[in-house]
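Here's a quick briefing on the fold you have open.

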Amino acid sequence: WLDKTLLDCCCFCVVLFLAYFVLQVIYARRKYKISPPETTGHPEFERIFRAQANCSEYFPIFVSLLWVAGIFFHQGVAAVCGLLYLYTRFKYFQGYAVAAQGRLGPLYASARLLWLLLGLAVAGLLAHFLLP
């Protein structure tokens, strides 16, 4: 079995980030007295809720690309891209919680990192299946 410790660590960080984002929604619900299943109310709650939902929607794509790039291209390069991606999503969450415009810079950065991981994954798969 291949040693993929760096990828494992990145995935553990994903779990921590998801837990942090969920806790922020819980705190915002309490602060603004918005009970589940309501998803509307105070604008700050709505931004925090959307930021958490948006991040959660992209994490399956991210984790899939992280692993394929890490296994077929290079674990270290994929892990660095993964940590940078997590950082940009954290900045996205923070920016969105303050103002909707605050999400744009980190959003674009995280999208570029996903495209980079996709490129690494494709390059690694092509090399694996086409080169002797």
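A polar contact here is a pair of N or O atoms within 3.5 Å; within protein, one must be able to donate a hydrogen and the other to accept it, and residues adjacent in sequence count only if both atoms are side-chain atoms. This is a predicted model, so local features need pLDDT of at least 70, side-chain atom pairs count only at pLDDT 80 or more, and totals for chains, interfaces and linings use all residues. Residues are numbered from 1 along each chain as its sequence is written, and side-chain values use heavy atoms, with hydrogens and water left out.

**Ser-110**
- With that definition in hand, the side chain of Ser-110 makes a polar contact with the side chain of Arg-89, at 3.2 Å.
- Ser-110 sits in helix H4 and is buried, with a relative accessible area of 1% (buried means under 20% relative accessible area, exposed over 50%, partly exposed in between, using a 1.4 Å probe and protein chains only).
- Neighbours within four places in sequence aside, Ser-110 is in contact with Tyr-85, Thr-88 and Arg-89 (contact means heavy atoms within 4.5 Å).

**Overall layout**
- The chain has four helices and zero strands, where helices (H or I, at least four residues) and strands (E, at least two) are DSSP runs numbered from the N terminus.
- Its C-alpha trace spans about 60 × 30 × 20 Å along the principal axes.
- Buried residues make up 38% of the 132 residues.
- Of the contacts with a separation of 6 or more, 69% are between residues 24 or more positions apart.

**Nonpolar core**
- A nonpolar core is a set of buried Ala, Val, Leu, Ile, Met, Phe, Trp, Tyr and Cys residues joined through side-chain atoms within 4.5 Å.
- The largest one holds 34 residues, and Phe-45, Phe-59, Phe-62, Leu-66 and Leu-117 touch the most other members.
- H1 (5-32), H2 (43-72), H3 (75-98) and H4 (104-130) each supply at least two residues of this core, with the largest share, ten residues, coming from H2.
- Leu-117, leaving out neighbours within four places in sequence, is in contact with Phe-62, Leu-65, Leu-66, Ala-69, Ala-78 and Cys-81.

**H2 against H4**
- The axes of H2 and H4 come within 8 Å and cross at roughly 40 degrees (axes are lines fitted to C-alpha atoms, for helices over the stretch in contact, with angles from 0 to 180 degrees between N-to-C directions).
- Among the residues making this contact are Tyr-58 and Phe-72 of H2, and Leu-114 and His-128 of H4.
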